[in-house]
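This briefing goes with the structure shown below. Keep the structure open while reading the points that follow.

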Amino acid sequence: MRVGVLASGTGTILEALLGAGIDVAVVVVDRACRATEIATAAGVAAATVERTSFGKDFDRVAHTKEVVRVLQSHGADLVAIAGYGTILDAIMYDAFPDRVLNTHPSLLPAFKGWHAVEEALTYGVKVTGCTVHIATADVDAGPILAQEAVAVLPDDTVEALHERIKTVERRLYPDTILRYSEAAERRRSTKPEPRET
Ligand code: GRF
């Protein structure tokens, strides 16, 4: 399966996907970020669907439609969200049913949202981790495919803890994507051809 990756940040998860041999059709970013450089250096198409506003006037449907158009025009069959800073409209999940995956830096359903690592630290949990799941229109929800625990250390900072979680994500996410896409391919090839009786 060809994978479209959505990223907004430093792109280290994207780097891990490319390093694991995942066939990345296109990288879509919503702002200027390192992910574009990583894609270009790997010879992978990169497209910016710029998020023009973070205010109430932001047209989420138009943004999502453009992301879907770019993904489809590059032949993506599966979408991997890798730290994308824009919540997408439900039309994304209609366009790619059960074909959008996400990695999140907490043990869902605990600590949903963009500040998951900070909130886990503030709450004082002793164990957190990461979750790979099928993404749905509900943010950081959807069927869980894989999880792994990471211990919180006594003097942890948000940065140190997030980096230890990302070390796990860089292994768990590519492994899970490969497993998921292989299972989907198998289902596709064993599905009987429709025929007249
Ligand atoms: C990861 O922790 C991911 O789970 C979260 O954003 C981070 C992306 O990391 N949603 P990077 O920008 O690829 O280093």
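Contact here means heavy atoms within 4.5 Å. Helices (H or I, at least four residues) and strands (E, at least two) are DSSP runs, numbered from the N terminus. The model is predicted: local features need pLDDT of at least 70, side-chain atom pairs count only at pLDDT 80 or more, and totals for chains, interfaces and linings use all residues. Residues are numbered from 1 along each chain as its sequence is written, and side-chain values use heavy atoms, with hydrogens and water left out.

- Strand 1 (residues 3-7) is mostly covered, with five of its five residues buried; buried means under 20% relative accessible area, exposed over 50%, and partly exposed in between (1.4 Å probe, protein chains only).
- Val3, Val5 and Ala7 lie on one side of strand 1 and Gly4 and Leu6 on the other, and both faces are covered.
- Strand 1 pairs in the parallel sense with strand 2 (residues 24-29) over five bridges, where pairing requires that DSSP finds at least two bridges between two strands.
- Gly4 stands opposite Val26 of strand 2.
- Strand 1 also pairs in the parallel sense with strand 4 (residues 78-81), over four bridges, and there Leu78 is the bridge partner of Val3.
- A right-handed β-α-β unit is made by strand 1, helix 1 (residues 12-19) and strand 2; right-handed means that, with the strands pointing away from the viewer, the path from the first strand over the helix to the second runs clockwise.

**Nonpolar cores**

- A nonpolar core is a set of buried Ala, Val, Leu, Ile, Met, Phe, Trp, Tyr and Cys residues joined through side-chain atoms within 4.5 Å.
- The largest nonpolar core has 39 residues, of which Val5, Val27, Tyr173 and Ile177 touch the most other members.
- Helix 6 (residues 158-190) gives the most to this core, with eight residues.
- Apart from this core lies another, of 19 residues, among them Ala47, Val67, Leu71 and Val79.
- Not counting residues up to four places away in sequence, Val5 touches Leu14, Leu17, Val24, Val26, Val27, Val28, Ala80 and Ala82.

**Helix 2**

- Helix 2 (residues 34-41) has Ala35, Ile38 and Ala39 buried.
- Seen down the axis of helix 2, these buried residues fall within an arc of 100°, so they line one face of the helix; the arc is that of the directions from the helix axis to the C-beta atoms.
- Glu37, Thr40 and Ala41, on the other side of helix 2, are exposed.
- The buried residues of helix 2 pack against strand 1, helix 1, strand 2 and strand 3 (45-48).

- Ala116, Val117 and Ala120 are the buried residues of helix 5 (residues 116-123).
- Seen down the axis of helix 5, its buried residues fall within an arc of 100°, so they line one face of the helix.
- What covers the buried residues of helix 5 includes strand 5 (100-104), strand 6 (127-134) and helix 6.
- One aromatic pair is found in a search of the whole structure; rings of Phe, Tyr and Trp (its six-membered ring) pair if their centres lie within 6.5 Å, and planes under 30 degrees apart count as stacked, over 60 as edge-to-face and the rest as tilted.
- Phe111 and Tyr123 form this edge-to-face pair, at 5.9 Å centre to centre and 65° between the planes.
- Phe111 is buried, with a relative accessible area of 18%, whereas Tyr123 is exposed, at 66%.
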